[in-house]
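Dear colleague,

Please find the structure below, handed over for your records.

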Amino acid sequence: MRFVWVSLLSLAAGCATTGAGGDMRDPRDPWEGMNRAVYSFNDGFDSVIATPLATLYRDLLHVEIRSRVSNFFSNIQDIFIGVNNVLQGKFQEGVEDWARFAFNSTIGLFGIHDVASDMGIEKHNEDFGQTFGRWGAGSGPYLILPFLGSSTLRDAGGTALDLYVAPLPQVRPIALRNSLFGLYFVNTRAELLEASSILEQAALDRYVFQRDAYLQRRRSLIYDGSPPREREQVNDTPDSSVK
Amino acid sequence: MNMRKILCLLGAFLLVPSTFFLVSAHAQQAMPPDILVKNVTTEVVELIAKDKEIRSGNRAKLIEVIDAKVLPHFNFASMTALAMGQNWKSATPEQRKHLIDAFRTLLVRTYASALAAYSEQKFDFRPLRAKPTDTDVTVQVRVLQAGAQPVPIDYSMEKTAAGWKVYDVVVGGVSLVVNYRTEFANVVRNSGIDGLIRDLQAKNRTLEQKK
């Protein structure tokens, strides 16, 4: 898995210089040519394999069961959400994340019940990409990763680290690890079925719409929902210092 | 002493209805923005919950509800102008009218899908943090979902003569107006403002056919 990641990243870096962006270059997206190619690859994979699988999964399993599955994976992630909160100096949030993990893993039966939320300990959203951003790293160019979708140079590094430390890849035997990965992937895609059909409706150019939404969303997440006000953008020169 | 009490009571009785009328007249004009958002959201969600046709997927009827209950509180001219950015200045009044119409139709359809997908969630209406003199405020609502981080929805609202109007919706940190800005700018650069109007209208027609 690690090897795959390293080769994907170097592939991305290798293509970077050759990927021409066409005539409507956006300073935040200098690799648009390459990105659009990966985007259409992902899109093909999604419509032929991922969406049909996720739809089947959604139709076969009751919402209660699917939500237990989501809770299980979400609980494991709370460990490193806590680590990232602490790395960003948000100690109280970090302790809350670990308290969530403690309660949900025990009373919540290995995380399948989110009892912590019922107790009023709210779930957070953190990852290494956000931590790097909080530490002052700019987003770098927009980047579409094979299978994983929207990212930036900074967030791709963050995702690589997220995966490197995540408990799931360490699971043995391999067959169990792969089944868990499969379940995680299908369940996550199923959660996004509604959202992706709304995106399809709203956008004139899905690539652009999704890119801008991703960049806005990440900026908001880095500042935990209240990013500093940007000066009013002028159309032709979108702010290249977007975090 | 007794007489005084009676007079006081009488005064109170006379006063109460008149203040009541004052308040309701005032409410018509400028209901506080956070109360407005809460009332409209609650009303629409209840309407959907009660309506079997809408719940079984009658999109046209849902759009009717949105048209009647939600649209009056949006300022689509502002939204379109903000999404157009600099290009708004070069649009003729005729083009502006078409742009506002087409953009409104697209947004209403998107809004209807979002509402159909998420209307069963719980909403948490945040208290408004603004001064009474403010004319531009953000009303915050959070959609609570089991086992996940709540999704914040921020309504940017401006005070107008006809009450508070929404001019942008920010979902999970993503501003709708900002998100359309690059898209619109790209289309205008390639095929002009009329091209954008054509694209929007074509998009709406496709959505109409898909029902």
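**Findings**

Chain B exposes about 12,300 Å², of which carbon and sulfur atoms supply 60% (Shrake-Rupley method, 1.4 Å probe; for residues, only the protein chains shown count as cover). This is a predicted model, in which local features need pLDDT of at least 70 and side-chain atom pairs count only at pLDDT 80 or more, while totals for chains, interfaces and linings use all residues. Residues are numbered from 1 along each chain as its sequence is written, chains are lettered from A and ligands numbered from 1 in the order in which they are written, and side-chain values use heavy atoms, with hydrogens and water left out.

Chain B contains seven helices and five strands (DSSP runs, numbered from the N terminus: helices H or I of at least four residues, strands E of at least two). Their order along the sequence is α-α-α-α-α-α-β-β-β-β-β-α. Of the 211 residues in chain B, 40% are buried (under 20% relative accessible area, 1.4 Å probe, protein chains only).

The largest nonpolar core has 51 residues (a set of buried Ala, Val, Leu, Ile, Met, Phe, Trp, Tyr and Cys residues joined through side-chain atoms within 4.5 Å). B:Tyr155, B:Met157 and B:Tyr180 have the most contacts inside this core (contact means heavy atoms within 4.5 Å). H7(B) gives the most to the core, with ten residues. Among the residues that B:Met157 touches, not counting those up to four places away in sequence, are B:Pro33, B:Leu36, B:Trp164 and B:Tyr167.

Yours sincerely

How values were computed: Buried means under 20% relative accessible area, exposed over 50%, partly exposed in between (1.4 Å probe, protein chains only).
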